[in-house]
Every structure is written in structure tokens, then in C-alpha cells.
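Biologist: I'm new to this one, could you walk me through it?
Modeller: Gladly, let me bring it up and we can go through it together.
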Amino acid sequence: MRIGETADRSGVTAKALRYYETVGLLPEPDRTASGYRDYPETVLDRLRFIRAAQAVGLTLGEIRGVIAFREAGRPPCAHVLELIEGRAADLDTRIVELAALRDELRRLDERGRTLSPDACSPGLVCHILNPAAH
């Protein structure tokens, strides 16, 4: 398949396909006599994997590592589980941080509704967000 057909069938842009080759997520495809990329059907499975891995938050570097396990002839499942556990732990931390941010925004909202805009000093820019004004 040429790059356009591969892009259409996979939902990945031609630019992304070329980038994935550059960073080692896809092997460089064969070329036609006229120099066009000629992807095998199997590239679609690889692209589905890449998209699924990105959907759960894996970085391209992490995805490349998983692919390296497979290319070395080893099942990457244990490594993938470690990555998933790490991503879940990161999300737990981020959820706590976001909840704290939400609480702070609500506090600022309540405080801001009690302040008069006329009392806001030009030097503070906005007294709702100025820590010295709290």
C-alpha cells in the first residue's frame, strides 16, 4: 500500500507515518520502482497498536520500548502492565492535584464575588489573583 492508502485505512496521517518511521515505531517500508513507500498490510496492525497505546497515555518512547520487546522475540505483556500501573498511579496523583486546584478555584470564585472591582489597585493587576491581597 502506498502512504496515502495506508493513512486512509489506518486513520493516521501521512505525516505521522513518516514521523513514526523516523522515530523507530515503524520499520522503513520497501519502495516501489518509482520510489514510493510500499507498506505491507501488517503495518495496519502496528498502527492500531500505536493508536491504542497512545489512547491510554503511553508516550512514543514507551511505545517504542514495547515494540522493541516484541521485535526481540519476547512478549511485552509484563512491561506493558508496568507501564499501565505507572500511568494509573500518575493519574491518581493528577486527580488529587486537580481536585485541589478545583477547590482553590472555587475559593477564589467565592472570594472574588465579595470584592469590588473599584477597590482593585492598578498595581495588583487583579486583586482576586494577587496572593498579597488574600
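Modeller: Before we start, a strand here means a DSSP run of at least two residues marked E, and strands are numbered from the N terminus. Please also keep in mind that this is a predicted model.
Biologist: Okay, so where does Asp30 sit?
Modeller: Asp30 belongs to strand β1, which covers residues 30-31.
Biologist: Is Asp30 buried or exposed?
Modeller: Asp30 is exposed, because its relative accessibility is 57% and the cut-off for exposed is over 50%.
Biologist: And which residues does Asp30 touch, leaving aside neighbours within four places in sequence?
Modeller: With those set aside, Asp30 makes contact with Tyr36, Arg37 and Asp38. As for Pro40, which is 10 residues away along the chain, its C-alpha atom lies 8.5 Å from that of Asp30.
Biologist: Switching to helices, at what angle do α4 and α5 pack?
Modeller: Helix α4, residues 60-71, packs against α5 at about 160 degrees, and their axes are 10 Å apart. Angles over 145 degrees count as roughly antiparallel, so α4 is roughly antiparallel to α5.
Biologist: Which residues make that contact?
Modeller: From α4 there are Glu62, Gly65, Val66 and Phe69, while α5 brings His79, Val80, Leu83 and Arg87. Sorted by class, the contact of α4 with α5 has 4 nonpolar, 2 polar and 2 charged residues.
Biologist: Last topic, what about the phi of Val125?
Modeller: Val125 is not a glycine, yet its phi is positive, at about 70 degrees. Most residues other than glycine have a negative phi. Val125 is found in the segment after α5 (77-114), and it is exposed, with a relative accessible area of 74%.

Notes
Residues are numbered from 1 along each chain as its sequence is written. This is a predicted model: local features need pLDDT of at least 70, side-chain atom pairs count only at pLDDT 80 or more; totals for chains, interfaces and linings use all residues. Side-chain values use heavy atoms; hydrogens and water are left out. Helices (H or I, at least four residues) and strands (E, at least two) are DSSP runs, numbered from the N terminus. Buried means under 20% relative accessible area, exposed over 50%, partly exposed in between (1.4 Å probe, protein chains only). Axes are lines fitted to C-alpha atoms, for helices over the stretch in contact, and angles run from 0 to 180 degrees between N-to-C directions. Angles under 35 degrees count as roughly parallel, over 145 as roughly antiparallel, 65 to 115 as roughly perpendicular and the rest as oblique. Contact means heavy atoms within 4.5 Å. Ala, Val, Leu, Ile, Met, Phe, Trp, Tyr, Cys and Pro count as nonpolar, Asp, Glu, Lys and Arg as charged, and the others, Gly among them, as polar.
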